[in-house]
Amino acid sequence: AKSASGQRIRSCEESKRVFSRRARGLVGGSAANGGRVVAYEFSGTERARGAVSPSSRYHVKKGGDKMGVILEEPKHKVLDPSPSLKTTVSNFTALDLLKAAAFTGAAVAVGYSTAPAGIKKQAVVTCATIGGTAGFFNAYQNSAGRLMGYFPNGQ
């Protein structure tokens, strides 16, 4: 069978055999696609969002390995399977913001207490930036986890 773009579509079993052999180094990738073909079965959620056509069975990816693939199933109610930045930030709780402030405060304290006398101001600003970034990332991870059903979301 052929896809809409004219590529040959492999059966699931044939894909598993080829990719298993490639993983063991028995089959090389082609130069046309950067040397790597990644097998991936699209979920019903991705089909419902219109990310793929209903007939898609696998996906060819150029370049390196798959990124951002979560292998475990959500244990809580999924509110948004793929939240945007705006949705995730608007879902921050008071505890998320408190943790972000704690990261920032702890980093400022470390910067102030460990810096030499001549560069205290620069050290405090740098550590505050690093701590604030770490606090934001922590809050973002917790918020996205709640939206995607990996953490309890209070619903």
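**View 1. A nonpolar patch on the surface.** In this predicted model, Leu85, Val89, Phe136 and Phe137 form a nonpolar surface patch with about 380 Å² of accessible area together. Helix H3 (85–90) and H5 are the elements that give two or more residues to the nonpolar patch. Phe136 sits in helix H5. With a relative accessible area of 34%, Phe136 is partly exposed. Patches are made of residues with over 30% relative accessible area and no salt bridge; like charges are joined within 9 Å, and nonpolar side chains (Val, Leu, Ile, Met, Phe, Trp, Tyr) within 5 Å. Accessible areas come from the Shrake-Rupley method with a 1.4 Å probe, and for residues only the protein chains shown count as cover. Buried means under 20% relative accessible area, exposed over 50%, and partly exposed in between (1.4 Å probe, protein chains only).

**Conventions.** Residues are numbered from 1 along each chain as its sequence is written, and side-chain values use heavy atoms, leaving out hydrogens and water. As this is a predicted model, local features need pLDDT of at least 70 and side-chain atom pairs count only at pLDDT 80 or more, while totals for chains, interfaces and linings use all residues.

**View 2. The whole chain.** The protein has 5 helices and 0 strands. Its pattern along the sequence is α-α-α-α-α. Helices (H or I, at least four residues) and strands (E, at least two) are DSSP runs, numbered from the N terminus. Of the 155 residues in the protein, 21% are buried. The accessible surface comes to about 10600 Å², and 60% of that belongs to carbon and sulfur atoms. Among contacts between residues at least 6 apart in sequence, 62% join residues at least 24 apart. Contact means heavy atoms within 4.5 Å.

**View 3. The salt bridge between Asp96 and Arg146.** The side chains of Asp96 and Arg146 meet in a salt bridge at 2.6 Å, N to O. This pair links distant parts of the chain: Asp96 lies in helix H4 (residues 94–114), Arg146 in helix H5 (residues 120–148), and they are 50 residues apart. Asp96 is buried, at 2% relative accessible area. Arg146 is also buried, at 13%. A salt bridge is a side-chain nitrogen of Lys or Arg within 4 Å of a carboxyl oxygen of Asp or Glu. Side chains of opposite charge can pair when their charged atoms come close.

**View 4. The salt bridge between Glu72 and Lys75.** A search of the whole structure finds 2 salt bridges. One of them joins the side chains of Glu72 and Lys75, at 3.8 Å, N to O. Glu72 counts as partly exposed because its relative accessibility is 45%. Lys75 counts as exposed, at 66% relative accessibility.

**View 5. Helix H4 and its buried face.** The 21 residues of H4 should span 30 Å at 1.5 Å a residue, and the end C-alpha atoms are 30 Å apart, which agrees. The expected span is 1.5 Å times one less than the number of residues in the helix. Asp96, Ala100, Ala107 and Gly111 are buried in H4. Down the axis of H4, its buried residues fall within an arc of 45 degrees, so they line one face of the helix. That arc is taken from the directions from the helix axis to the C-beta atoms. Ala94, Leu98, Tyr112 and Ser113 are exposed on the other side of H4. The cover over the buried residues of H4 includes H5.

**View 6. Helix H5 from end to end.** At 1.5 Å a residue, the 29 residues of H5 should span 42 Å; the end C-alpha atoms are 41 Å apart, which agrees. The buried residues of H5 include Ala123, Gly131, Gly135, Ala139 and Asn142. Also among them are Ser143, Ala144, Gly145, Arg146 and Leu147. These buried residues pack against H3 and H4. Gly149 follows H5, with a positive phi near 90 degrees.

**View 7. Ser143 and its surroundings.** Ser143 belongs to helix H5. Its relative accessible area is 0%, so Ser143 is buried. Setting aside neighbours within four places in sequence, Ser143 is in contact with Thr88, Asn91, Phe92 and Asp96.

View 8. Cys127 is found in helix H5. Cys127 is partly exposed, with a relative accessible area of 22%. Not counting residues up to four places away in sequence, Cys127 touches Ala107, Val108 and Gly111. Cys127 and Val108 are 19 residues apart in sequence, yet 5.5 Å apart in space, C-alpha to C-alpha.
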